Amino acid sequence: MMEKILSRHFFNAEARKLSFYLNDGGYEAARNALTQMTPQQVADQVIRSNLRGLGGAGFPAGRKWSFIPKDSPNPRYLVVNCDESEPGTFKDRHILEWTPHSLLEGIIIAAYAIGASQCFIYTRGEYLHYARMLQAALDEACQAGFFGKNIWGTGFDLDVLIHLGAGAYICGEESALLESLEGKKGWPRLRPPFPAVSGLFGCPTIINNTETLSYIPAIIRYGGSWFAGLGTPQNGGLRLYSVSGHVKNPGVYELPLGTPLREIIYTHAGGIRQGRKLKAVIPGGSSTPVLRADEIDVRMDFDSLAAIGSLLGSAGIIVMDESTCLVKALAVLAKFYHHESCGQCTPCREGTGWMARILNRILDGQGVRDDLENLLRVAGNIRGTTICALGDAAAMPVFSFITKFRDEFESHVLQGRCLASK
Amino acid sequence: MPTLTIDGQQVTVSKGATIMQAAEALGIYIPRYCYHPGLRVAGSCRMCLVEIEKAPKLDIACYRQAAEGMVVHTTTEPVKLARQSILEFLLSNHPLDCPVCDQSGECDLQNFYMEFGLYQSRFLENKIKRRKAFPIGRHVMLDNERCILCSRCVRFCEEVSRSHELGIVNRGDRSEIALREGSQLDNEYSGNVIDICPVGALTEREFRFQCRVWYLNRAASVCPGCSRGCNIELHYNVNRPHQSGGKRVLRLKPRFNAEVNKWWMCDEGRYGFEFIDAPSRLQDFEIRTAQRTVVASREQAVQTLSDWIGDSIDRHGSQSLGIFLSPKLSNEDLYGIGKFARHVGIDCLDFRNPSERPGYQDDFLIQADKNPNTRGCLELGLYRRSEDSGGWMAGEIQRGKVRVLIVFLQDLALAPEFQQVLGRLERLVFVGSNRNGTAEIASLVVPSATYAEKDGSFTNFEGRAQRFERAVVPLGSAVAEADLVASVAVSFGMQREEFERERLLSDLRREYPFFDQEALNPPELEWVYQTPIGQERL
């Protein structure tokens, strides 16, 4: 059995062409789904595959589809979240660049399963180059008759529109994404209703991450059970791990869910650069709680990471070696969340700026004894009180950095001294 | 119809009702900034976070719907802590310039800090500087430093005025309220954003620095600006006249009425109160002869008027008397005047000024008829049904039939029909609150009280009779129109008691079933959120 699905042809420029993809058996799964299977049979395979939402939340993909109300008279939409704005994450970019047809085929199958005839791909403005590659692939697929009216004579219609956002982190949050797609300011919505009931333009909408959809052709082709067997229980299949930071070989690695973090860092990414010691790892994109060097024997799946108080998130692994000042690292993260807070609700709007200013003051050598307790308190006041998860995302690094590396922070605050080795 | 428990009290609410509404039904106040019952729920300020049993975290009362068996707590430690922390966040970049802020005293940052805050600030950073105190429209000043971004004003301009001038620009704590490019906040209802702004971000240009709000008194009233009859509050300052340059009535605020104006009023009405304390106010009785004008006492004026009426009836019969009423008079005054007219046999009555043209009208509150009580005049029958306007009375004067004309409030000198003939009258009596062209040529001028200076009622275009209450005493020697008529009527054998205002109203309600309405029960000022230190908000 093969051990790679999406990354088999990474870095092969031919692979993004339709002819190459067809030679590889491409669009057979979609054709099979549309001509041989009912939408429910398609959804059943995806449920069986244990495919989880790979944007970060990890919600079972097949179950999400089932939330579409059966009796709504409104059109249904499929929206692809290709905003990929979580720092440390660059897997979707690889999909657009090297295997765009996997995404497009996944879109056909998913749209068929939920009964959508219109799909929107929302991608960040900074991905203009990759969006053009995706558009080229889409144009080819349209010419081949895989999109448009009456696909494969089944009577199923599907159009796809690629929309470029303006590059706001918050527009990766699914309800802010919908607002942005509707032409409004990217402000998250209050829930309920959830998008499956009232999403884009008030219509039932399924929002799936790029990577999630890209795995669906393989699931249909080889079966949900096969995919599920590749991972750990309840964490089906493979996924793309984005590894960045102080490793010898940063990049995207396609590995089973549940691969130990140590193996990813030391075997696949080549270990820490320049023979230095590992200090800290952010396992799943900048929002997820940081891990100490002694915590990396964890399996990289949703449940194992949750069990040790962190999150798999988008599997954006940020590796920091002993030369890293974690106060500065946290200040960089805090600056990011301050910059990206949408400003809609009070705790996140005011709290992210407050935390960033405290951390900058500490870095300037102006820290006071109360600062660390106050940071934890402010982060605590943001957590769980906001409309969307950005508030939690901004608070989690503050908790984990300060509690796990308290000595470094106290040294900065009390002695004005950085403990990072230079 | 879910039944839920809030703070140990059970309440059953209609399906879809929020926890906020359920709490309000129980009289439990949940603090809020962005929530306003007249606007779409924003859910952004997070001040109304409450604890719901079995829920993983606190939730906002303004949005979460009540559910069967739900158990809600609004006073537990987590809730108190959440309120404190929201206040701390809101105040972290707030300039705390209360001593120079007009909102001070009616500010929900102040009120809620005193009730739900009272924490020791741990904010050491520099506050964000923003643009302060700049006009964004004819009536409204914006201070972006004081703004807490509740978005009430934005939603008002989207949903109520539907004029879309305001928005929130930029992201995070750089967010601020801004005008749409090239626009001004100059819609017909712009003043409402000042009312709904819970802090001092939007203040009233006219009211700025006129008076500290805790020196203001309030009276329930009805806007006299058009025939809609929006329910309003008169805010007036009489104890510290030096604070507002001698002006007494300083601002009008809408008063909630679900059937008439909800929470709103138009700018035309809101800023239409200047006449109450204007220099044009008549304060003295004036008797004018060809040679000179003399100030008279009330007794002299009443005597003079009684003599003229009696004399004219004696010489030419009661047909020689005409009364030109005004649709700005209250039901009580109209009824009193009409009663006297009937008593002495005057049937030459009308109120429809031929020079008056319909004004601006919209599909919301503003009515083309700029008089508050046209309907009252019509219901009381104080006009000549066979004629389309009051111009017919000019003909009566022209023919020499009407020799003595008593004009209430109106400026007949503006109407071409009357301009020609007013000079033919033996006596022209003007009763009104403000000087106008008719007052200039009248042989007797009687200063009358404005709606702010007496109790009364107006009937709006829908036929709803609504009471207003006196805020301030009549200026100078001004009298309510019915009081003047009462003084005259006693010379004609009527009882003064018949003209007492409560008696006028009760007689009116008995005599004209149309006026026997619930809306005519005494008005009550809406409950206003009070701080725990026992100070009234106003």
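A:Phe201 counts as exposed, with 12 C-beta neighbours inside 10 Å. The label rests on a count of other C-beta atoms, placed from the backbone, within 10 Å of the residue's own: 20 or more is buried, 12 or fewer exposed, and in between partly exposed. Phi of A:Phe201 is near 50 degrees, a positive value in a residue other than glycine. This residue is found in the loop between α8 and β5 of chain A. Here helices (H or I, at least four residues) and strands (E, at least two) are DSSP runs, numbered from the N terminus.

Before going on, a word on the model: it is predicted, so local features need pLDDT of at least 70 and side-chain atom pairs count only at pLDDT 80 or more, while totals for chains, interfaces and linings use all residues. Residues are numbered from 1 along each chain as its sequence is written, and chains are lettered from A and ligands numbered from 1 in the order in which they are written.

The loop that holds A:Phe201 also has A:Pro192 and A:Pro193.

| Peptide bond | Omega |
|---|---|
| A:Arg191 to A:Pro192, cis | near -5 degrees |
| A:Pro192 to A:Pro193, cis | near 5 degrees |

B:Ala133 lies in the loop between α3 (108-117) and β6 (134-135) of chain B, and is partly exposed, with 16 other C-beta atoms within 10 Å.

Now for chain A as a whole. Its secondary structure comes to 18 helices and ten strands. The radius of gyration is 22 Å, close to the 22 Å that the globule rule gives for 422 residues, so chain A is as compact as a globular protein of that length. That radius is taken over C-alpha atoms, and the rule is 2.2 Å times the number of residues to the power 0.38. Along the principal axes, the C-alpha trace of chain A spans about 75 × 45 × 35 Å. Of the 422 residues in chain A, 58% are buried.

An open sheet in chain A has five strands in the order β3-β4-β2-β1-β5, with mixed pairing; strands pair if DSSP finds at least two bridges between them. The edges are β3 (148-151) and β5 (205-209), each with a single partner strand, so one side of each is left without a neighbour in the sheet. From one strand to the next, the twist averages 25 degrees. Within the sheet, β2 (residues 118-123) and β4 (residues 156-164) of chain A run parallel and are joined by six bridges. A:Thr123 has A:Leu164 as its bridge partner in β4(A).

Helix α12 (residues 261-268) of chain A has A:Leu261, A:Ile264 and A:Ile265 buried. Seen down the axis of α12(A), the buried residues fall within an arc of 90 degrees, so they line one face of the helix; the arc is that of the directions from the helix axis to the C-beta atoms. After α12(A) comes A:Gly270, whose phi is positive, near 85 degrees.

Finally, the interface: the contact takes 24 residues from chain B and 25 residues from chain A, where residues are in contact if their C-beta atoms, placed from the backbone, lie within 7 Å. On the side of chain B that touches chain A, helix α2 (residues 77-92) of chain B gives the largest share, six residues.

Conventions:
Contact = placed C-beta atoms within 7 Å. Axes fitted to C-alpha atoms, helices over the stretch in contact; angles between N-to-C directions.
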